[in-house]
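Open the model in your viewer and keep the selection tool at hand. The stops below go in order, with a note on what to find at each.

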Amino acid sequence: MELDSIVPWGRSYEEYIKMFSLSEEDINKSILGCGDGPSSFNYSLTRRGGKITSIDPIYGFTKQQIKGRIDKTRKLVIGQLRLHQQQYRWSSFKSIGALAAARMEAMGLFLGDFDIGKTEGRYLSLELQNCLPFGVRQFELALSSHLLLLYSKQLSYEFHLDAINEIMRIAKELRIFPVLTLDGDRCPFLGDLITHYKSKGFIANLQRVDYEFQVGGHEMLVIKY
Ligand SMILES: C[S@@+](CC[C@H](N)C(=O)[O-])C[C@H]1O[C@@H](n2cnc3c(N)ncnc32)[C@H](O)[C@@H]1O
């Protein structure tokens with residue numbers, strides 16, 4: 001993966017808790033973070049005694065390279081938010097400046113943790129759609145924030161099947177948030193995915209969560225055995 005093609009933009013622990021309706025019981029599970037990028041979820045959960053492995057191709061780059069990419073991305077993302085402000089709910093974050101500050105704080109926590117987390121094996125440079133070096137249902141819970149479904153115009157239905165099949169081999173449950181695309185439309189193949197996994201004997205459904213930043217983005221897709 002080319003560093004220039006990555007949009008590193010990381011959310012906080014508190015956002016993950018809300019996006020995925022994580023209960024006390026959930027955060028004590030062994031967790032796989034799918035495409036966690038520069039989010040501070042791994043850092044904060046580890047500090048609280050949780051057990052998490054995050055996978056993302058961005059972890060193949062150095063801390064300095066990731067920081068440089070974050071700095072470049074910041075301007076781009078803020079420019080896009082300015083253009084499309086009406087597609088977002090400005091309640092938790094009161095302004096674009098407040099949002100940018102919260103994201104930069106979360107990514108700062110990630111950057112401070114990255115080198116030690118790598119040596120501890122908490123940040124692994126892996127891509128979801130490939131065969132992952134983990135055992136069958138090794139993880140109790142897998143989380144995908146702002147990757148699967150969101151990029152459904154860039155990542156095909158087949159990519160999603162490959163990635164989700166592999167995740168369901170190594171995890172007992174997967175939660176994906178949001179179920180909208182970057183434009184704020186519902187992922188066009190969401191219904192097909194739900195039908196597909198139900199036909200394979202999985203439980204697959206949408207659940208409302210107490211988080212909404214993209215207008216209408218208040219549901220997660222849950223797939224489990
Ligand atoms: C928009 S960021 C979201 C980061 C984090 N999950 C969050 O919500 O704050 C999307 C992340 O997906 C990662 N990514 C892209 N393709 C991937 C793949 N094939 N497998 C795993 N991660 C991937 C990117 O490197 C990037 O860090």
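A salt bridge here is a side-chain nitrogen of Lys or Arg within 4 Å of a carboxyl oxygen of Asp or Glu. Keep in mind that this is a predicted model.

Start by selecting Lys67 and Asp71. These two residues form a salt bridge, and their closest N and O atoms are 3.1 Å apart. The structure holds 11 salt bridges. Side chains of opposite charge can pair when their charged atoms come close.

Next, select Asp26 and Lys29, another pair joined by a salt bridge, with 3.0 Å between the closest N and O atoms. Are these two residues buried or exposed? Asp26 is buried because its relative accessibility is 6%, and a residue counts as buried under 20%. Lys29 is buried too, at a relative accessible area of 16%.

Now select the ligand. The space it takes is the largest pocket. Show the residues around the ligand: there are 22, and the closest are Arg11, Tyr16, Gly35, Asp56 and Ser145. Coloured by class, this shell has 11 nonpolar, seven polar and four charged residues.

- Ser145: a polar side-chain atom lies 2.4 Å from an oxygen atom of the ligand.
- Arg11: a backbone N or O atom is 2.7 Å from an oxygen atom of the ligand.
- Gly35: a polar backbone atom is 2.7 Å from a nitrogen atom of the ligand.

Taken alone, the ligand exposes 590 Å², and the protein buries 94% of that.

Terms used
Residues numbered from 1 in each chain as written. Predicted model: local features only at pLDDT ≥ 70, side-chain atom pairs only at ≥ 80, totals over all residues. Heavy atoms only, no water. Near = heavy atom within 4 Å. Polar contact = N/O pair within 3.5 Å; in protein donor to acceptor, adjacent residues only side chain to side chain. Areas by Shrake-Rupley, 256 points an atom, 1.4 Å probe, with all protein chains shown as cover. 1 Å grid on protein atoms, 1.4 Å probe; cavity = no way out; pocket = protein on both sides within 12 Å on 5 of 7 lines; lining within 4 Å. Sits in = over half its atoms within 2 Å of the grid points. Nonpolar A, V, L, I, M, F, W, Y, C, P; charged D, E, K, R; others polar. Buried < 20%, exposed > 50% of the residue type's maximum accessible area, 1.4 Å probe, protein only.
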